[in-house]
Amino acid sequence: MAKITVEHLNFYYGEKPALSDISITIQELQVTALIGPSGCGKSTFLRCLNRMNDTIKGTRVQGLVSLEGHNIYSPGFDVVELRKRVGMVFQRPNPFPQSIFDNVAFGPRVLGSARTSEIPGIVEESLRAAFLWDEVKDKLKEDALSLSLGQQQRLCIARTIAVKPEVILMDEPCSALDPIATLQIEQLMGSLKRDYTIVVVTHNMQQAARVSDRTGFFWLGRLVEFDATETIFTRPGNKLTEDYVTGRAG
Ligand SMILES: Nc1ncnc2c1ncn2[C@@H]1O[C@H](COP(=O)(O)OP(=O)(O)OP(=O)(O)O)[C@@H](O)[C@H]1O
């Protein structure tokens, strides 16, 4: 089933076009990877999916982005609700300088979506889902910044899922991590897609090949090709895609 549908999306920073005529359908409960050389617009596109670009002055969006059939850019659309439904994990882990527990409890507390008595259960469930519970269960009161970078990133994922989003956007979530921490996040994505729709931007083509069901290849602000990941990496339909995935371009 289609979770997010994008039709003829154009995006501008001031007068400068960053995305041109993007149309793509993100399927529910799949991992969709976005690849392409630096500056091709992957992150800009990802941020269009939960209106994170709204916070950047002078930007402009044209076209349609719909979440389960509702245009997220329509005037009455509730952006706070949107960001709850479409959560985001960033390149560098960004835990708050608070305890491990408070990081995960933050969303449910702020949104008031859970009773105080329910919060410890939500924290445990979220940490378990993020493959972090066993490592932190005896030190929930400790500062989140005392964790390793890989643990911090899993904590940020736990913080995101604590508000029960439907979609998780990940912008190069492993680029600051070592190979073992990277592998843990990749395994985590495989587990999370049972419950969440994931869209991940990555520089790392092997990662896209390992974790995703579908892959989109961006080039100079355009979506050149979008298909099953296996197709993109073994028999792409476009010469540019082929050159990029075989390392001849980009
Ligand atoms: N805040 C901004 N203001 C102006 N231009 C921007 C801004 N952010 C990105 N751009 C420009 O938009 C284009 C797309 O950038 P974007 O970061 O989306 O690409 P990317 O594919 O994610 O690259 P990278 O992999 O290096 O992060 C680039 O030309 C970039 O310079």
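Where does Phe131 sit? Phe131 is found in the loop between α4 (119–129) and α5 (133–136). Keep in mind that you're looking at a predicted model.

**Two residues with a positive phi**

Here's some background: most residues other than glycine have a negative phi. Phe131 isn't a glycine, yet its phi is positive, at about 60°. Asp21 is another non-glycine residue with a positive phi, this one near 50°. Asp21 belongs to strand β2 (residues 16–27).

**A pair of helices**

Now for some packing. Two packed helices are described by the angle between their axes and the distance between the axes. Take helix α3 (residues 100–111) and helix α6 (residues 149–161): they pack at an angle of about 30°, and their axes are 7 Å apart. That angle makes α3 roughly parallel to α6, because angles under 35 degrees count as roughly parallel.

Which residues make the contact? From α3 come Ile100, Asn103, Val104, Phe106 and Gly107, while α6 brings in Leu155, Ala158 and Arg159. Sort the residues of this contact of α3 with α6 by type and you get five nonpolar, two polar and one charged.

Note on methods:
Residues numbered from 1 in each chain as written. Predicted model: local features only at pLDDT ≥ 70, side-chain atom pairs only at ≥ 80, totals over all residues. Axes fitted to C-alpha atoms, helices over the stretch in contact; angles between N-to-C directions. Helix = DSSP H or I, 4+ residues; strand = E, 2+ residues; numbered from the N terminus. Parallel < 35°, antiparallel > 145°, perpendicular 65-115°, else oblique. Contact = placed C-beta atoms within 7 Å. Nonpolar A, V, L, I, M, F, W, Y, C, P; charged D, E, K, R; others polar.
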